[in-house]
Amino acid sequence: MEYVEHVVDLVGNTPLVKLGSVADGLAPLVLAKVEYLNPGGSVKDRIALRMVEAAEASGELRPGGTIVEPTSGNTGVGLALVAQRRGYKCVFVCPDKVSEDKRNVLKAYGAEVVVCPTAVAPEHPDSYYNVSDRLVREIPGAWKPNQYANPENPASHYHSTGPELWRQTEGRITHFVAGIGTGGTISGTGRYLREISGGKVRIVGADPEGSVYSGGTGRPYLVEGVGEDFWPTTYDREICDEIIAVSDKDSFEMTRRLAREEGLLVGGSCGMAAVAALRVAERCGPDDVVVVLLPDGGRGYMSKVFNDQWMASYGFLSPDHSGASVGDVL
Ligand code: PMP
């Protein structure tokens, strides 16, 4: 019989899928690392598992303890999965702008969700950050993973994503492209690939226009999960050979093409990373192997990037990608 003891045992070892029509006419092989095939649906399952294991080993997280983290999305799902398996409680703090659907996903996995007002300053006692700090102080046995400062976040990629890519490409990977949020993915994977290849693999960050990583001031953008208005310690500022800034429009158009042409229903940060990867591929030769990491699936974004009205309201729909079908009244 072929089975695993628990769904958590399926974290990692995600497949590489060749990009076809979106990479048409380009010389190199362009491969996507499809992270939505992790059991919690995103790359964040990897960091959740390693952060929890390390906290158990150090004694910060003890049997019956409670995981408290300000998160509304993928990291929460990963932590909730691991917590359930290992008998911990989870309390996630999220701002009130987070959709009810997203909160209900976390609750479905058994987590408690505390909602905070968005319209208060970070120093306000009811802010997202202050509430999570207070809960950590007040709940006995509480532990906060803090994905923006936890070295186990990049370490999880150094020990899993990086070696997987080297093995899956038989050491032929020449370029690694990923979006930067906490920076854990690019820093950990990038460091491993740089070390094992003796500096031959080029590490390329993808960033939303406006974010600090590509020289912006933190001005708002719509792609979720990537870009920052501060410099997290999980990001290694020496890791990227290059950072490519991508507009919301280009990111979302590519996100739609990945679903429609490649059968990859993924989130907006995947479209962003793919745009950067294809720009890199334009300058590459036939012996190059460009790998782009796609962090999550598209189901959580149906009312945004996959909604024509939402796209049109920002002026993102160009006629050939309108998503209209025969019989639609336009
Ligand atoms: N895309 C999405 C959808 C994410 O949730 C994240 C994580 N914040 C990233 C990309 C970036 O990954 P990392 O935090 O490892 O830089």
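Visitor: How do the residues of the shell around the ligand divide into nonpolar, polar and charged?
Guide: This is a predicted model, in which local features need pLDDT of at least 70 and side-chain atom pairs count only at pLDDT 80 or more, while totals for chains, interfaces and linings use all residues. Residues are numbered from 1 along each chain as its sequence is written. The classes are nonpolar (Ala, Val, Leu, Ile, Met, Phe, Trp, Tyr, Cys and Pro), charged (Asp, Glu, Lys and Arg) and polar (the others, Gly among them). By these classes the shell around the ligand holds 3 nonpolar, 11 polar and 2 charged residues.

Visitor: Which residues are the closest to the ligand?
Guide: A residue is near a molecule if its C-beta atom, placed from the backbone, lies within 6 Å of it. There are 16 residues around the ligand, and the closest are G181, T182, T185, G225 and S269.

Visitor: How many helices and strands are there in the chain, and what is its radius of gyration?
Guide: Helices (H or I, at least four residues) and strands (E, at least two) are DSSP runs numbered from the N terminus; the chain has 9 helices and 10 strands.

Visitor: Is N13 buried or exposed?
Guide: N13 lies in the segment before β1 (16-18), and its phi is positive, near 50 degrees, although N13 is a residue other than glycine. A residue is buried if 20 or more other C-beta atoms, placed from the backbone, lie within 10 Å of its own, exposed if 12 or fewer, and partly exposed in between. Because N13 has 11 C-beta neighbours inside 10 Å, N13 counts as exposed.

Visitor: How does N146 count, with 18 C-beta neighbours inside 10 Å?
Guide: N146 belongs to the loop between β6 (142-143) and α5 (152-168). N146 is not a glycine, yet has a positive phi of about 50 degrees. Because 18 C-beta neighbours lie inside 10 Å, N146 counts as partly exposed.

Visitor: Which strand is joined to β2 by 6 bridges?
Guide: Two strands pair if DSSP finds at least two bridges between them. Strand β2 (residues 29-34) has 5 of its 6 residues buried, so it is largely enclosed by the rest of the structure. With β1 the pairing is antiparallel over 3 bridges, and K18 stands opposite L31. In the parallel sense, 6 bridges join β2 to β10.

Visitor: Which strands are at the edges of the open sheet of 4 strands?
Guide: The strand order of this sheet is β5-β4-β3-β6, with parallel pairing. Inside it, β3 (residues 66-70) and β4 (residues 89-95) pair over 5 bridges, and V68 stands opposite V91 in β4. Pairing on one side only, the edge strands are β5 (112-116) and β6.
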